[in-house]
Amino acid sequence: MACCLCAKYFLLFFNLIIWLSGGAFLSCGILVLYKRDLHELFALLSYDSRLVPSFLNVGYVLIGVGALVFIVGLLGCCGSVRESRLLLGLYVFFIILVMGGELVVAMYTVLLGDEWDTKLPSTLKRRLQTYNYSTPHQFEFDLDTVHKQFVCCGIEGPSDFYTNNDYKLYGNHLPSSCCNRLLLNGVCIEADSYRLGCFQIINEYVQFYSKLIVAIGIGIAVFELIALLMAVCVCRNTKDEDEFD
């Protein structure tokens, strides 16, 4: 009986943490979908790449999992307080469902890594060959925004523009967005350009948020597993019939 009582209070404590952690998932999902820096990045990645809808799907799934975690935490609290086998059984079912959803997000993110590391740089470098100095289109505007936002030039560096026709036509000049200051009558030359390529900086940026999401996910999964064991313990030692009056 004492063991069951301890499990009950531990379950309440862990469910409070799980309930609050739902906000972390919601925050990560909203961050992926609406953060300004990521929006500018997604605008660039949307050209010739399937990564943008994939990243957006991760954001939607994180929001869905966060909402479900809120409901599960509330269900676990009610079930432990009332010592209801029905509510605790539903809690165990949904907590397993949430953990499955978290596993799917993790696997999906790993699968995205292959295109991110191998296909994306070469795809963007090919696109860079068509960068138009005189008549900029949406791609040029998006790339200029990323250049300024992340203080970078090209995909792997300024040398990516060597194969661009306009680069040769304009006397080996880089786009003005590659320089933090313009020299020689407003012309950006490689000696004064940002030295780092955008992919390296963006990769570090994305890796930071990926590690943040993974760390939050692992922490929540540990609490969920402990709460699951506590719920099973309370459920096995509670009364046979639920009383709701």
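User: Which residues form the nonpolar patch on the surface?
Analyst: This is a predicted model. In it, L16, W19, L20 and L74 form a nonpolar patch on the surface. Together they have about 410 Å² of accessible area.

User: Which helix gives the largest share of that patch?
Analyst: Helix α1, residues 2-34. Three residues of the patch come from there. W19 is placed in helix α1.

User: How exposed is W19?
Analyst: W19 has a relative accessible area of 36%. Buried means under 20% and exposed means over 50%, with partly exposed in between. So W19 counts as partly exposed.

User: New topic. How many disulfides are in the whole structure?
Analyst: A search finds three disulfides. A disulfide is a covalent bond between the sulfur atoms of two cysteines.

User: What's the distance between the sulfurs of C152 and C198?
Analyst: The sulfur atoms of C152 and C198 are 2.0 Å apart, and the two form a disulfide. This link has 90° about the S-S bond and is right-handed.

User: Where in the chain do C152 and C198 sit?
Analyst: C152 is in the loop between α5 (138-150) and α6 (165-169). C198 is in helix α7, residues 198-237.

User: Are C152 and C198 buried or exposed?
Analyst: Both C152 and C198 are buried.

User: Which cysteine does C153 pair with?
Analyst: C153 is joined to C178 by a disulfide, 2.1 Å from S to S. That link is right-handed too, with 80° about the S-S bond.

User: What does the C153 and C178 pair tie together?
Analyst: C153 lies in the loop between α5 and α6, and C178 lies in the loop between α6 and α7. The pair therefore ties together parts that are 25 residues apart in sequence.

User: Why does C153 count as buried?
Analyst: Because its relative accessibility is 0%. C178 is buried as well, also at 0% relative accessibility.

User: And what about C179, which residue is it joined to?
Analyst: C179 is joined to C188, with 1.9 Å from S to S. The link of C179 and C188 is right-handed, with 75° about the S-S bond. C179 is buried, at a relative accessible area of 9%. C188 counts as buried at 2%.

User: What pattern do the disulfides follow?
Analyst: Count the bonded cysteines along the chain, and the pattern is 1-6, 2-3, 4-5.

User: Let's move to H147. Where is it found?
Analyst: H147 is in helix α5. With 0% relative accessibility, H147 counts as buried.

User: What does H147 touch?
Analyst: Leave out residues up to four places away in sequence. Then H147 touches C152, C153, G154, F161, S177, C178, Y194 and C198.

User: How far is the backbone nitrogen of G154 from the H147 side chain?
Analyst: The G154 backbone nitrogen lies 3.0 Å from a polar atom of the H147 side chain.

User: Now charges. How many salt bridges does the whole structure have?
Analyst: The search finds three salt bridges. Side chains of opposite charge can pair when their charged atoms come close.

User: What distance do you get for E156 and K125?
Analyst: Their side chains meet in a salt bridge at 3.4 Å, N to O. E156 is in the loop between α5 and α6, while K125 is in helix α4, residues 85-128. They are 31 residues apart, and the pair links distant parts of the chain.

User: How accessible are E156 and K125?
Analyst: E156 counts as exposed, at 52% relative accessibility. K125 counts as partly exposed, at 30%.

User: Where does D160 come in?
Analyst: D160 meets K125 in a salt bridge, 3.8 Å from N to O. D160 is in the loop between α5 and α6, 35 residues from K125 in helix α4. D160 counts as buried because its relative accessibility is 8%.

User: Which residues make up the salt bridge network?
Analyst: K125, E156 and D160 are linked in a network of salt bridges.

User: And which residue does R195 pair with?
Analyst: R195 meets E190 in a salt bridge between their side chains, 3.9 Å from N to O.

Methods
Residues numbered from 1 in each chain as written. Predicted model: local features only at pLDDT ≥ 70, side-chain atom pairs only at ≥ 80, totals over all residues. Heavy atoms only, no water. Patch = residues over 30% accessible without salt bridge, like charges linked within 9 Å, V, L, I, M, F, W, Y side chains within 5 Å. Areas by Shrake-Rupley, 256 points an atom, 1.4 Å probe, with all protein chains shown as cover. Salt bridge = Lys/Arg side-chain N within 4 Å of Asp/Glu carboxyl O. Helix = DSSP H or I, 4+ residues; strand = E, 2+ residues; numbered from the N terminus. Buried < 20%, exposed > 50% of the residue type's maximum accessible area, 1.4 Å probe, protein only. Disulfide = S-S within 2.5 Å. Polar contact = N/O pair within 3.5 Å; in protein donor to acceptor, adjacent residues only side chain to side chain. Contact = heavy atoms within 4.5 Å.
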